[in-house]
Amino acid sequence: MESGIDSGGPPNQDQQISLCIPTSPHARAKRRIAVLEEEVEILKQDRETKQRKTTYYVSQGRAIRRLVALYTPIEDLIAKNDRHCEDDDGDTTIEQDHYQRGYIELCKTLPWLHQKLTNLDHEESEEMLKKACADSARGDDTGTLKELVASWVNIECHPTPLIRADDKHHRGFVSDACGRLLCPAEWQWDDPAVRAGIRDRTTAYIVSENSWPLFLYEGYEASVENLERGLMKSKLLVMGFKAIFTSPSSANEVDGDGDGADILENNRRTWRQSDQARVKTCIASIIGMRKVTPRAIAYTACQVRFALSNITSWRTVDADFNYQLFWNNIVDFFEDAPGPAALARVNALLEWWTRKIFGKSH
């Protein structure tokens, strides 16, 4: 006997059609467009978030070469710290100490990094480090100081002929003015035998990273009896530091003994007062620098030394001079002082630097 009740089989075409509630094509199209627009907005937000992260990592990473390590890859510092944690037997080499101090400075400079490395997976960590470890900052500073150092040497030393800002071939020991500033403190550049020996690279006059060059000294003069007197207090070095970390224009404000203007507050005030003109924030503000550090001085010294030289592209070794070892020597001078008296002297020197660069309020 037939029944009008469906016994459970699949609905026929007429039944399926009857279950649909007709809507206008225009309304359906509008809803599809709204869904697509929402998806596009989500993708756009994801892209903007990713771009903000990239911009942040890059801007923060520009501090690494300036404040942490001039040459050592950040991945090496992280790997060496991991190994130190796993194999901490109490005995370390000088090289291991350098790596460990470098990792500590890295965490001070980028305080968010340690936690990020803990939370991110390996692929995300690698991507972050790749963005943060670009060497563009070093190249930018090299280009800036190439011209500025030439003008400063012309003003400070009055060479004949003047040092050209756009040409490095006539700098270095070829130039009497640059050669004097690059000359090791224990030698007398005015001695013709010394000049000839340095220029000819004779065995008695090898210029290496193991001597302090005169451009590091106050008044560009050193005492053979006390090579520490006036060391790291030269006007050229302070000007180079300011050009890199505060602004090229502030480099002209270096007179006085540790009574520099409050650069950071002046920069913030100028930014607040600017309604339309865009004011560039100084590097020290961007990276949160409030005090001068040994590694920042070492970085500046390497940059100034390169600007005084006649080599045209950045390299680790210039003739017999090794920039990486020179950087290490300056860092060790501050961070590995031999005894309480030496430590007190370098701490006083760092306080002098901080006042000189950032003002008395710091």
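Guide: Leaving aside neighbours within four places in sequence, Ile311 is in contact with Lys168, Phe306, Asp318 and Tyr323; contact here means heavy atoms within 4.5 Å. Take Lys168: 143 residues separate Lys168 and Ile311 along the chain, yet their C-alpha atoms are 6.8 Å apart. Ile311 itself sits in the loop between helix 14 (294-308) and strand 1 (317-318). Helices (H or I, at least four residues) and strands (E, at least two) are DSSP runs, numbered from the N terminus. Ile311 counts as buried because its relative accessibility is 6%; buried means under 20% relative accessible area, exposed over 50%, and partly exposed in between (1.4 Å probe, protein chains only).

Keep in mind that this is a predicted model, where local features need pLDDT of at least 70 and side-chain atom pairs count only at pLDDT 80 or more, while totals for chains, interfaces and linings use all residues. Residues are numbered from 1 along each chain as its sequence is written, and side-chain values use heavy atoms, with hydrogens and water left out.

Now follow the chain on to Asp320, in the loop between strand 1 and strand 2 (321-322). Asp320 forms a salt bridge with Arg201 (a side-chain nitrogen of Lys or Arg within 4 Å of a carboxyl oxygen of Asp or Glu), and their closest N and O atoms are 3.1 Å apart. Arg201 lies in the loop between helix 10 (192-200) and helix 11 (235-245), so the pair ties together parts that are 119 residues apart in sequence. Asp320 is partly exposed at 30% relative accessibility, and Arg201 is partly exposed at 47%.
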